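Subject: Structure handover and findings

Hello,

Here is the structure you asked about. Please open it next to this note, and read on for what turned up.

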Amino acid sequence: MTLDPQKLRIEGTYEQRQPGYFMQRVKVPGGVLSAEQALKVAEIAERFARGSLHLTSRGSIEFHWVEGRALPEIGRMLASVGLTSRGACGGAVRGIVCSTPFLEGYPSVQVLARKLHHHFTQNPHFEGLPKKFKICVDAGYRESRHLIQDVGLVLAETKDGEECYDVWAAGGLGREPHPAFLLEGSMPEGRIIPLIEAVVTVYRRHTPPGKRLKHLVREKGQDGFRALLQEELAGKEDLYLPDGFGKQLTPPPPEQGVRVEAGVFAGELAAARLVTLAEIAALHAGGFLVITCEQNVAFHLLSLADQGPAVAALAEAGFGGDAREERVTFRVCPGNHECKMGLAPTRDVARRVLEAMGPAGERKSWAIAGCHNSCSQPQLAEVGIVVSKLVKDENGERHPRFDLYRRSCADGLGIPARQELSLAELLAAAQELA
Ligand code: SF4
């Protein structure tokens with residue numbers, strides 16, 4: 001079977017760095033995965049991805065080391081548990097993210113995340129876009145993920161029984177990071193889908209191939225962009241997608257439920273360990289687990305009585321939380337371990353940085369990206385690392401250089417504090433961090 005890499009992208013498939021192998025990404029709306037889905041994912045990893053999977057910093061799943069002939073069967077297995085990879089790569093509305101699973105409003109925002117997922121996935125009006133289109137729905141501003149989305153929704157208030165969201169637009173990272181701007185404050189949920197439809201349509205119509213929405217807004221200005229949106233929205237009605245009954249998948253907020261987390265270094269999870277996590281979800285968390293944007297797995301337990309047994313089961317499965325790799329928040333993209341774009345072995349570098357850092361470093365959030373694409377969102381970490389280039393030594397060997405980002409204000413992105421560090425200089429910087 002001959003596979004066209006360009007056509008595969010819309011199915012969430014990328015060629016891996018190693019010829020003949022593919023990466024298969026899977027959308028997980030809001031990061032919420034049922035125990036049954038987790039078991040199927042573990043089965044796929046075991047059969048087709050060398051027994052392992054990668055949790056991404058957008059709460060999705062990636063299988064690496066997949067052979068082309070396995071792709072149709074993986075698609076079939078995903079569909080059997082209601083999962084899809086459609087639009088997980090390429091010019092489409094990507095997986096809908098919730099980065100605030102520990103905030104009170106999370107049960108509500110994950111419902112909206114699933115509505116948006118169902119509305120925008122595999123709909124030809126929202127595919128074939130100039131580039132990717134990213135949406136998040138968050139329960140508050142704590143994680144600042146709204147700053148880096150094409151559309152970022154943040155739960156603002158409940159008015160007359162309807163949830164209202166602040167709508168942010170045109171953020172993005174990559175070579176030219178740009179924070180989103182506030183498009184409209186406290187918008188009722190019924191107006192959200194027509195608005196996003198209009199944003200996607202304007203984006204498709206006015207943006208050259210290969211460019212993100214931030215490019216269009218830079219060209220037109222915020223006022224020009226708003227004018228285009230108004231034209232598109234003229235005559236459009238609000239669109240309510242009411243629930244016949246509550247479909248909040250995870251248990252309610254903290255006063256009744258309890259949250260525990262399994263730290264997964266670099267999001268690299270063995271299939272056998274995912275099976276154990278699925279069993280814990282089934283026994284103690286109402287049958288669901290949550291993939292967090294920190295590449296960990298969270299559980300919203302049914303009651304306080306579940307906490308002791310769940311924590312004990314996690315410890316028995318090797319998620320005791322004692323190791324630095326589990327304790328320190330450190331997002332890690334696949335880098336040149338698997339990604340074609342990667343300039344350095346990000347997991348190896350992250351391990352070296354973890355070993356080098358002092359107590360002050362342990363208390364900070366970290367992220368490393370293997371190239372300027374910044375998939376692990378280093379500009380949102382307190383300390384971010386981007387592999388910026390390769391330089392040749394006198395023997396012709398190529399070595400990575402690292403830019404170190406520091407983020408000091410919650411409503412902005414991290415900026416480079418030091419650039420083009422060697423690995424030794426990077427490790428020294430991690431050690432010295434105050
Ligand atoms: S940041 Fe670069 S190296 Fe890392 S996953 Fe993204 S494209 Fe690949």
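Does S422 count as buried or exposed? S422 counts as buried, because its relative accessibility is 17% and the cut-off for buried is under 20%. One caution before the rest: this is a predicted model.

S422 sits in the loop between β18 (415-421) and α13 (423-432). Take V391 as a reference point. S422 and V391 are 31 residues apart along the chain. Their C-alpha atoms are separated by 9.7 Å.

**Two buried strand residues**

S34 belongs to strand β3, residues 32-34. Its relative accessible area is 11%, so S34 is buried. Q16 is 18 residues from S34 along the chain. The C-alpha atoms of S34 and Q16 are separated by 28 Å.

F181 is placed in strand β9. F181 also has a relative accessibility of 11% and counts as buried. Between F181 and P194 there are 13 residues in sequence and 19 Å in space, C-alpha to C-alpha.

**Helix α7**

This helix covers residues 271-284, which is 14 residues. From its first C-alpha to its last, α7 reaches 20 Å. That is close to the 20 Å expected at 1.5 Å a residue.

Which residues of α7 are buried? They are A271, L274, L277, A278, I280, A281 and H284. These residues cover an arc of only 165° around the axis, so they lie on the same side of α7. On the other side of α7, look for A272, A282 and L283, which are exposed. G286 follows α7 and has a positive phi, near 65°.

**Helix α4**

Helix α4 runs over residues 106-120 and has 15 residues. At 1.5 Å a residue it should span 21 Å. Its end C-alpha atoms are 21 Å apart, which agrees. How many of its 15 residues are buried? The count is 13, so α4 is largely enclosed by the rest of the structure. Just after α4 comes Q122, with a positive phi of about 55°.

**Positive phi in two alanines**

A170 has a phi near 70°, a positive value in a residue other than glycine. A170 lies in the loop between β8 (162-169) and β9 (181-188). Its relative accessibility is 3%, so A170 counts as buried.

A266 has a phi near 60°, again positive in a residue other than glycine. Where does A266 lie? It is in the loop between β10 (258-262) and β11 (268-270). A266 is buried, with a relative accessible area of 1%.

**The cavity**

Rolling a probe the size of a water molecule over the atoms shows where empty space is left. How many cavities of 30 Å³ or more are there? The count comes to one. The largest cavity holds about 60 Å³ of space. Its lining is G263, V264, F265, A266, E294, N296, E325, E326, V328, T329 and F330. A266, described above, is therefore one of the lining residues, and it is buried because its relative accessible area is 1%. By class, the lining of the largest cavity has five nonpolar, three polar and three charged residues.

**The second largest pocket**

The second largest pocket has a volume of about 390 Å³. It is lined by 23 residues. Which of them are closest to its centre? They are E143, E294, T329, R331 and S365. E294 and T329 are also in the lining of the largest cavity. The lining of the second largest pocket divides into six nonpolar, seven polar and 10 charged residues.

**Around the ligand**

Which residues are around the ligand? They are C333, P334, G335, C339, M341, G342, A369, G370, C371, N373, S374 and C375. By class, this shell has seven nonpolar, five polar and no charged residues.

Best wishes

How values were computed: Residues are numbered from 1 along each chain as its sequence is written. This is a predicted model: local features need pLDDT of at least 70, side-chain atom pairs count only at pLDDT 80 or more; totals for chains, interfaces and linings use all residues. Side-chain values use heavy atoms; hydrogens and water are left out. Helices (H or I, at least four residues) and strands (E, at least two) are DSSP runs, numbered from the N terminus. The expected span of a helix is 1.5 Å times one less than its number of residues. Buried means under 20% relative accessible area, exposed over 50%, partly exposed in between (1.4 Å probe, protein chains only). The arc is that of the directions from the helix axis to the C-beta atoms. On a 1 Å grid over the protein atoms alone, a cavity is a set of points where a 1.4 Å probe fits but cannot get out, and a pocket is an open set with protein on both sides within 12 Å along at least five of seven lines; lining residues have an atom within 4 Å of a point. Grid points are joined across faces, edges and corners, and a volume is the space filled by probe spheres set on the points. Ala, Val, Leu, Ile, Met, Phe, Trp, Tyr, Cys and Pro count as nonpolar, Asp, Glu, Lys and Arg as charged, and the others, Gly among them, as polar. A residue is near a molecule or strand if one of its heavy atoms lies within 4 Å of it.
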